[in-house]
Amino acid sequence: MAESIRDKVAVIGMGCTKFGERWDASLEDLLVEAGYEAFEDAGLTAKDIQAAWVGTVVSDRTGQFLANALKFDYIPITRVENACATATDAFMNACFAVAAGVYDIVMAAGVEKLKDNPYTGLAVGGANLTSGVEPAVPPPVQFALAATRYAHHYDMPMEELKRILAKIAVKNHANGAKNPKAHFRREIKLEDALKSPMVAWPLGLYDCCGVSDGAAVAIITRPEIAKKIRDDYMLVKGIGFAVSGRQGLLLDDYDFVHFEENVRAAKMAYEQAGITNPLQEIDLAEVHDCFTITELLIYEDLGFAPRGRGREHVDAGTFELTGELAVNPDGGLKCFGHPIGGSGLRMIYEVYKQLQGKAGPRQRKNPQLGLTHNIGGRPGSFTCSVAIFGR
Amino acid sequence: MAGIVSYGAYVPLFRLGRGTAGWDAPTERAVANFDEDSVTMAVAALRDALTGMDPQSIDALYFASTTQPYAEKQSATTIAWGANLRPDIFTVDCTDSLRAGTNALKLAMDSVKAGSAARVAVVASDARLAQPRSAFERTFGDGAAAVVVGEENPLATIEGHLSFSHEIMDTWRPADEEMVRAWEDRFRLEKGFIEALQDSVSKSLQKFGTTPKDYTKVIFSAPDARAHREAIRVLGVEASQVQEPLFGALGHTGTGFPLMLLTAALEEAKPGDRLLLASYGDGCDVFSLQVTQDAARLQPRRGMKGHLAAKKLLPNYEQYLKWRGLHQPDPGVRRPAIPTPSATALFRERERNLRFEAAKCRACGTVQYPPQRVCTRCGERDKYEPVRLADRPAKLFTYALDYIAGSVDVPLVVCIVNFDGGGRALMTMTDRVVEQLEVEMPLEMSFRKLYEAEGIHNYFWKCTPVRA
């Protein structure tokens, strides 16, 4: 029987750039900004790093760009790409290498430089030419398919679903406004979200996250080494990772009102961490709110709310900053922004700061367990990661 | 004797007409949607003609058009695949004249008579382009018709035929131009259509040993309504004998026109009726047909009547210009250009893309699109049979409206479609009215042109609401 990753790996230093339209910053600038914050946080230098995993979806190809930015000394570097879960995948593999005892201190980095192209949304394509007959459907449209079906499935008037989704956007904007590193730092009202221009019906502008530049970095070691470096290191309690083979697009009984990948990845992570009641046991969750409908489904898929009843918890304020389980206290993808290959580590950064009591105006009271969640792809075919952290 | 054993037609859903803002003609005409062309309309007309008939029983396909997408690359092959005909058949494109549709009918008749094919499908389709605001733009229409020619149980026998060539520059389109050109109106009418028609009809009747009075319906494809009225006068036929030319409803549909009018006449014909068909374009093809007892046995289909009745008015003329690529406003969104479709991938995916074939697992029965080597449900490898989704009823499982996709068909309706009998596909919806969309609404499949990139016209299936 394979062993769990629980308590085998510690995070001892982290860095995260300000996210946003970083016209001022290149890929190198972003990596130096996040990398040196992590070095300073851990009291280490590039010479202490024995291996690295760097995630990016579109910004570069091999591990060489990380070596170049941080001037690593011919160490092993693996470039990772796995949709929106890219950074968590890089982090997971760095953890596995440390847990295996192959290295003592390693780095996981995630970065994306999206705003050097002329497109307003994402411009992500495959490497090979295809027959081009499958509709080229941008992400908001893919996720809107789930929103339409959700309203139908639960016999909810679309106006009611839109109101619930708007409340999620309002919450994440309120949190983002408190975060100096967030892309969008403006509170919004329910009416703003409801009146926003349509992007992909039923999703409007405020149902969609930002497309941002940014990078985040973690330095990882074993707990016995971590103890010598700092007291407030963070322990990995579990990592679940589920990759789909298009089952939901191939099988006509897939319902589009839950994402099976969420359920599977969460199950793995909860089992490793020993979590049986996530709503009660987890203090904060950084989840992949690429669209408001995604966050609503995540509540239900990750067991924060029963099926079809996420809306009741939204109305009850369960997931607000001061609620029972704060979801996206740093503003989430919605407001912190979404540099695709960087987002997973940005989420881990917030959990790390919260567990250390360093989250400023967003600080939860004495949190013990935090969760991060990424999902990338489209309804019917996702890559999903769920990671759990504690002290 | 060779005859017509089946027929069908296709008229696009949309019309320019009274009520279309910016359309200044008092009459209506049919307009191909932005994703329709002569090939897609030909597939639709052929599928209509094959209602209740096995597509695999067709031995040859003659495609007639002046607006086929390629100068080099046969369109009949694409149409044959879209309509699910066999690969081991004779396919040919007949082109360059508005008579190409009846040219093909003559060739089909000869093939059947010669015994080289038992059943020949003839499909004629055109979407001709005219200068914005020109007389041609008002009188042209887009559409297609298909007839199946054979000797076994014909609905109408072709008892006589005669053709005449007539060398004249009255209307023409140079090979490197998009718009149809023409000489002065009086010359075109008098020395072109009227002279050729009068001469060829009278000589044909002599040969057939008939007089105009012998015909229940006289069908001729005049260039426009005025020419049609003039033809009735010079031929000396009664108004009641004349097949309604549909100028105010359909427009002149190019090579498809004579066969569309013939289809319309056959839909109304009774056993024993005699029909005279004369097409015009660089001469005339004249046919004498007699309707048989088998006419009543034809399975119901949309045909001309159904397609003409189920229509929607384009809200404004600007939309038409966008569809034809004559007016391209700044889309206001920046998306990457559509990449060239890979010819190698198109080749490998011919069955799934053009025939719209899914794979049905022989072990567990699960239908999967696109076809999978290993069954998603049960894990069996390479145990599947092809299932054509194109002809299956379907339902809208869920949808989204893409407002950032571009400017031609905003919002783009993206759908998850579930097919009766199993199977699911992600596809776009066309010919839709956004306000009428509903989860679980019934859908049907339509062969369309997705886009053109690097000179490759990429054809695939879209879903549409069921056409009333």
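The centres of domain 1 of chain A and domain 2 of chain A, taken over C-alpha atoms, are separated by 24 Å. The model is a predicted one, in which local features need pLDDT of at least 70, side-chain atom pairs count only at pLDDT 80 or more, and totals for chains, interfaces and linings use all residues. Residues are numbered from 1 along each chain as its sequence is written, and chains are lettered from A and ligands numbered from 1 in the order in which they are written.

In chain A, domain 1 comprises 10-116 + 213-235 and domain 2 comprises 139-207 + 236-390; the bounds come from an automatic or database domain assignment. Contact between them involves 35 residues of domain 1 of chain A and 35 residues of domain 2 of chain A, two residues being in contact if their C-beta atoms, placed from the backbone, lie within 7 Å. On the side of domain 1 of chain A that touches domain 2 of chain A, two or more residues are given by each of β1 (10-16), α3, β4 (105-112), β7 (214-221) and β8 (234-243) of chain A. Helices (H or I, at least four residues) and strands (E, at least two) are DSSP runs, numbered from the N terminus. The most residues on this side, seven, come from α3(A). The side of domain 1 of chain A that touches domain 2 of chain A has 21 nonpolar, nine polar and five charged residues; Ala, Val, Leu, Ile, Met, Phe, Trp, Tyr, Cys and Pro count as nonpolar, Asp, Glu, Lys and Arg as charged, and the others, Gly among them, as polar.

Helix α3 (residues 86-99) of chain A also meets helix α14 (residues 343-355) of chain A, their axes coming within 5 Å and crossing at roughly 70°. Axes are lines fitted to C-alpha atoms, for helices over the stretch in contact, and angles run from 0 to 180 degrees between N-to-C directions. The two helices α3(A) and α14(A) are therefore roughly perpendicular (angles under 35 degrees count as roughly parallel, over 145 as roughly antiparallel, 65 to 115 as roughly perpendicular and the rest as oblique). Thr86(A), Ala87(A), Thr88(A) and Phe91(A) of α3(A) make the contact with Ser343(A), Gly344(A), Leu345(A) and Ile348(A) of α14(A). Four of the residues in the contact of α3(A) with α14(A) are nonpolar, four are polar and none is charged.

Chain B is divided into domain 1 (3-323) and domain 2 (343-465), with C-alpha centres 31 Å apart. Each of the two domains of chain B gives 18 residues to the contact. On the side of domain 1 of chain B that touches domain 2 of chain B, α1, α2 and α9 (317-323) of chain B each supply at least two residues, and α1(B) gives the most, with four.

Helix α1 (residues 38-49) of chain B packs against helix α2 (residues 75-82) of chain B at an angle of about 45°, with axes 9 Å apart. That angle makes α1(B) oblique to α2(B).

Between the chains, 39 residues of chain B are in contact with 31 residues of chain A. β18(B) provides the largest share of the side of chain B that touches chain A, six residues. Strand β5 (residues 198-201) of chain A pairs with β18(B) in the antiparallel sense over two bridges; pairing requires that DSSP finds at least two bridges between two strands. Leu401(B) in β18(B) is the bridge partner of Trp201(A).
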